[in-house]
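Here's a quick briefing to read alongside the coordinates.

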Amino acid sequence: MSYCTECGTRLIKKHLDNEGEIPYCETCSAFRFPTFNTAVSTIVYSPDAKKILLIKQYGKDRNILVAGYVNKGEFAEHALAREVREEIGLNVVSCCFNRSEYYEKSNTLMLNFACLADSEDLSGVTPEVDYAAWYTPQEAREAIYHDCLAERFLLYWLDKREYYDTAFETYHFRNFL
Ligand SMILES: [Zn+2]
């Protein structure tokens, strides 16, 4: 970013305590932090937390996770619930944060969560989704498209869950929207 998003003045670099050299607009007397997009992706669990939903989209034969951009002013948790409702036709009853990764290609910070759906019924899946199915965690490990963000999120989550006991799962899923 080299010009002010508000007034168009060419930005200079100015030192900001604890932040380093940050783009600065001398006309507005304001720092202009680099902007990026924010998106959520989620591992969707069946109500009994025994099965994981994977979907195929955009005409590609790849199993991925439900994902979408966060709107300005929207909470990440609400974006997640909205995407699951819009794409799969299911309501999210609770969710918890897993991990995040910055995706350079689309300048997006991707926030990954795991969530519990209120039903296994996939009759409300939108035509935007080519295919949607439930998998056991073991099946999901194999079925997820390899060497991508979705796989890293899923494996990190499953490995973490296997490390802890079921009390951990119950505790985390109690974290309501
Ligand atoms: Zn300005």
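A quick word on domains: their bounds here come from an automatic or database domain assignment. With that in hand, the centres of domain 1 and domain 2 sit 36 Å apart, taken over C-alpha atoms. Keep in mind that this is a predicted model.

**Overall layout**
- Domain 1 covers residues 1-35, and domain 2 covers 37-173.
- Taken along the principal axes, the C-alpha atoms of the protein fill a box of roughly 55 × 35 × 30 Å.
- The protein has 177 residues, and 23% of them are buried.
- If you look at contacts in the protein with a separation of 6 or more, 59% of them are between residues 24 or more positions apart.

**Secondary structure**
- You'll find four helices and nine strands in the protein.
- Reading from the N terminus, the order of elements is β-β-β-β-β-β-α-β-β-β-α-α-α.

- Three strands make up an open sheet, ordered 1-2-3, with antiparallel pairing.
- At the edges are strand 1 (12-16) and strand 3 (30-31), each of which pairs on one side only.
- Strand 2 takes in residues 20-25 and runs antiparallel to strand 3, with two bridges joining them.
- Which residue in strand 3 is the bridge partner of Cys25? That's Ala30.

Key:
Residues are numbered from 1 along each chain as its sequence is written. This is a predicted model: local features need pLDDT of at least 70, side-chain atom pairs count only at pLDDT 80 or more; totals for chains, interfaces and linings use all residues. Two strands pair if DSSP finds at least two bridges between them. A residue is buried if 20 or more other C-beta atoms lie within 10 Å of its own, exposed if 12 or fewer, and partly exposed in between; C-beta atoms are placed from the backbone. Two residues are in contact if their C-beta atoms, placed from the backbone, lie within 7 Å.
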